[in-house]
Amino acid sequence: MKILDFLEKSIAVIGIMAFGGSVLPLMLTGGDPLAGDLDSAGVTMFYGGIYVLLLGAIALRPAIAFQIPFASPTLTAMVAFAFLTALWSLFPDVTLRRSIAFLFTTVFGIWLGLRFRFPEIMRLIVVGLSVLMFASFFMIFAMPEIGLDSAQHVGAWKGVFFQKNVTGRMMVWLILALVWLDWQKEQSRWVTRPLMILAMLLIVMSRSGTGLITSILVSVALLSTTMLRGSIRNFAPTMALLLALLVIMITAGATFWYDVLYALGRDPTLTGRTVLWEHIVHSVGERPLQGYGYAAYWFGFNGPGSSFTRDWGITSAHSGWLELTLDLGLVGVALVLVLLSRLLFQGFFAARYGNSRPEAAWTFAVGCALLAVSVSESVFAERHSMNWVIATIAVVRLVQQSRWQRMLNDRAAEQARLHRHAPAGMNPSGMGPAYAIQSRGL
């Protein structure tokens with residue numbers, strides 16, 4: 001069993017590294033890490049191998065295999081709808097192929113959420129992303145042509161990742177896992193805190209303003225949940241203070257947005273995003289309900305986004321909500337809103353009232369991070385992406401907690417009902433006291 005456990009954890013770490021948005025799959029298959037050709041035959045075979053490993057790990061636990069389709073009905077509906085969009089996709093073959101990748105990315109997150117205890121999941125995330133972090137530092141100093149940005153953000157540290165913003169996002173998830181382990185004393189602080197410092201250093205040197213803000217946000221969101229657990233006398237002032245700070249931040253941001261953008265290294269067009277978004281909004285208006293087919297809008301040089309793909313090298317909307325609408329239409333947006341609402345609202349109330357409060361606090365922090373990053377980056381329904389894997393884990397853990405809590409409540413209600421209707425001198429099980437005592441003594 002120890003060998004089996006080791007194999008499963010090894011597959012989990014390999015999957016986390018493979019879905020971490022790095023150039024390693026391209027390098028391992030002999031491709032050019034600067035070209036970023038993720039549709040090459042070598043990369044396709046690499047991820048095919050990851051799928052085989054994942055299927056093997058699932059086959060080792062048949063009980064988990066039967067739970068996966070029912071772990072979250074909303075996640076299952078999203079995957080099914082992604083395949084369905086091939087019926088009206090601009091490129092049906094591309095949509096089907098990439099829907100398979102989306103399926104396995106989602107299944108990987110569900111498997112992690114069902115198979116391992118929550119502290120184990122945090123440690124696996126730390127191990128996988130820490131390997132990518134140390135590989136990034138190696139690339140920065142030993143192979144700067146790969147580790148440093150030489151295009152739009154010259155000199156920015158991106159390490160083994162394709163782009164500096166990907167570096168920032170991956171380090172956000174690493175920091176969130178490290179903060180949780182340190183907070184719950186599940187790992188020595190001599191391990192967690194140096195890793196936090198290194199992750200923050202990589203974020204700062206990558207010049208990822210979104211990553212820096214989000215890493216602070218998720219840490220505050222996670223740790224602030226400790227103030228939610230007291231009596232209403234403590235809870236009400238804490239919430240009033242947090243809401244007041246939120247109002248001040250929004251007001252200051254709206255008043256001094258120009259200065260804030262420049263402080264974060266961004267121009268008022270958000271590095272050209274506003275021009276891109278204007279074009280995408282027009283495209284969304286043409287197919288608002290069903291979208292253009294999963295992952296089809298940016299494909300090739302003849303699609304609706306070809307001018308940006310050809311001239312700017314852009315292959316995403318740089319907005320979670322716009323990208324989702326292009327891929328899955330308003331149907332996909334509605335499904336993600338259900339998932340995100342669950343993370344934010346159910347996670348918040350479970351962190352205050354639930355039995356697994358630290359775990360619920362992490363899911364709430366994940367919801368906050370996804371909401372913040374989705375403004376300027378595509379993070380929803382991504383294939384081969386740790387962003388979606390993290391979201392899937394958070395949703396699955398919340399669903400499992402909810403089901404477990406309902407089962408406990410039903411059991412308690414049944415015991416209370418039996419106790420109320422039991423005849424005098426009888427146990428709720430229906431046995432007389434003498435027989436019950438005798439049976440316990442046997």
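1. Let me start with a serine: Ser 130 lies in helix α7. Is Ser 130 buried or exposed? Its relative accessible area is 7%, so Ser 130 counts as buried, the cut-off being under 20%. Setting aside neighbours within four places in sequence, Ser 130 is in contact with Leu 174 and Leu 195. Please keep in mind throughout that this is a predicted model.

2. Helix α7 also takes part in an aromatic pair. Phe 118 and Trp 180 sit edge-to-face, with 4.9 Å centre to centre and 80 degrees between the planes. The pair links distant parts of the chain: Phe 118 belongs to α7 (residues 118-142) and Trp 180 to α9 (residues 164-183), 62 residues apart. Both Phe 118 and Trp 180 are buried.

3. A word on the other rings. How many aromatic pairs does a search of the whole structure find? The count is 19 aromatic pairs. One of them joins Phe 81 and Trp 88, a tilted pair at 5.9 Å centre to centre with 55 degrees between the planes.

4. Next, two serine and phenylalanine positions in one loop. Ser 72 is found in the loop between α4 (62-67) and α5 (73-84), and Phe 70 has its place in the loop between α4 and α5 too. Ser 72 has a relative accessible area of 2% and is therefore buried. Phe 70, in turn, has a relative accessible area of 56%, so Phe 70 is exposed, the cut-off being over 50%.

5. What does Ser 72 touch, leaving aside its neighbours within four places in sequence? Its contacts are Leu 339, Val 395 and Val 399. The C-alpha atom of Ser 72 is separated by 6.2 Å from that of Val 396, although these residues are 324 apart along the chain. For Phe 70, the C-alpha to C-alpha distance to Ile 110 is 9.9 Å, and the two are 40 residues apart in sequence.

6. Helix α10 (residues 189-206) and helix α11 (residues 209-224) have axes that come within 7 Å and cross at roughly 145 degrees. The crossing of α10 and α11 is left-handed. Which residues meet there? From α10 come Met 200, Ile 203 and Val 204, and from α11 come Gly 211, Leu 212 and Ser 215. By class, the residues of this contact divide into four nonpolar, two polar and no charged.

7. Finally, the chain as a whole. Its secondary structure comes to 19 helices and zero strands. Of the 442 residues in the chain, 48% are buried. Among contacts between residues at least 6 apart in sequence, 73% join residues at least 24 apart. The accessible surface of the chain comes to about 21000 Å², and 69% of this belongs to carbon and sulfur atoms.

Terms used: Residues are numbered from 1 along each chain as its sequence is written. This is a predicted model: local features need pLDDT of at least 70, side-chain atom pairs count only at pLDDT 80 or more; totals for chains, interfaces and linings use all residues. Side-chain values use heavy atoms; hydrogens and water are left out. Rings of Phe, Tyr and Trp (its six-membered ring) pair if their centres lie within 6.5 Å; planes under 30 degrees apart count as stacked, over 60 as edge-to-face and the rest as tilted. Helices (H or I, at least four residues) and strands (E, at least two) are DSSP runs, numbered from the N terminus. Buried means under 20% relative accessible area, exposed over 50%, partly exposed in between (1.4 Å probe, protein chains only). Axes are lines fitted to C-alpha atoms, for helices over the stretch in contact, and angles run from 0 to 180 degrees between N-to-C directions. A crossing is left-handed if the near helix is turned anticlockwise from the far one by less than a right angle, and right-handed if clockwise. Contact means heavy atoms within 4.5 Å. Ala, Val, Leu, Ile, Met, Phe, Trp, Tyr, Cys and Pro count as nonpolar, Asp, Glu, Lys and Arg as charged, and the others, Gly among them, as polar. Accessible areas come from the Shrake-Rupley method with a 1.4 Å probe; for residues, only the protein chains shown count as cover.
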